[in-house]
Amino acid sequence: FENGPDLAIETLKEVKKQVPNTTLQIIGGGKQNLERLKLLTQKLGLEKDVLFHGFVLDNNDMAAMVRKCYLALAPYRALPQSVRWYADATKIRQYLASGLPVVTTQVPPLGKVVADKGAALVAKDNIQAYAKAIVKLLQDKNLYIKFEKKARELSAENTWEHEYEKAFKTMSEYEK
């Protein structure tokens, strides 16, 4: 629930009002979670618009699926007790590695960093705000191209070696 697939599905209904051909692909999820999400999809009449892949064991297969998408969603829910407020968002890292612009919520710290660097939009954790951000990227081709270019540039920095190097440099500066 805290990763926000329900928000993505509920938002799709709103997005389709302005961009009718939009579809949503959901990769991952446990059996109970997938059943709940499929029921929500049926309730909203979106069965033809949401494709559920389930858990994908091979990371290369998952990456290949992601690369075929137009943009990426990281709809983390703004739950006060969620560790997502402080944890690394590997989902966003995967999206950058695939060169995809990201639409995320205000929750993950990495989302704010990527937005500041011009490869993501951050929206409030609600259907209207999230839909507005998605539609903006779907309808503004120039903005999309700019974000896609930045995502590809950031993907070169998106390595554990780079992150560790940055962390050790920061630590050594504190020691001085």
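This is a predicted model: local features need pLDDT of at least 70, side-chain atom pairs count only at pLDDT 80 or more; totals for chains, interfaces and linings use all residues.

Reader: Fine. What is the strand order in the open sheet?

Author: The order is β3-β4-β5, 3 strands with parallel pairing. Strands here are DSSP runs (E, at least two residues) and helices likewise (H or I, at least four), numbered from the N terminus. Two strands pair if DSSP finds at least two bridges between them.

Reader: Which strands stand at the edges?

Author: β3 (72-74) and β5 do; each has a single partner strand, so one side of each lacks a neighbour in the sheet. β3 is joined to β4 (residues 102-105) by 3 bridges, and L73 stands opposite V103 in β4.

Reader: Which helices pack there?

Author: α4 lies across β3 and β4, at about 170° to β3. α6 touches β3, β4 and β5, and its direction makes about 170° with that of β4. Angles run from 0 to 180 degrees between N-to-C directions, with axes fitted to C-alpha atoms, for helices over the stretch in contact.

Reader: Back to L73. What is L73 in contact with, leaving aside neighbours within four places in sequence?

Author: L73 is in contact (heavy atoms within 4.5 Å) with A8, L24, K91, Y95, V103, Y130 and I134.

Reader: And the largest nonpolar core, which residues touch the most other members?

Author: I9, L24, L73, V103 and L137, out of 29 residues. α6 gives the largest share of this core, 6 residues. A second, separate core of 19 residues includes L100, V107, L110 and A119. A nonpolar core is a set of buried Ala, Val, Leu, Ile, Met, Phe, Trp, Tyr and Cys residues joined through side-chain atoms within 4.5 Å.

Reader: New topic. Which residues of α4 are buried?

Author: In α4 (residues 90-97), I92, R93, Q94, Y95 and L96 are buried, that is, under 20% relative accessible area with a 1.4 Å probe, protein chains only.

Reader: What about the phi of G99?

Author: The phi of G99, which follows α4, is positive, near 75°.

Technical notes: Residues are numbered from 1 along each chain as its sequence is written. Side-chain values use heavy atoms; hydrogens and water are left out. Buried means under 20% relative accessible area, exposed over 50%, partly exposed in between (1.4 Å probe, protein chains only).
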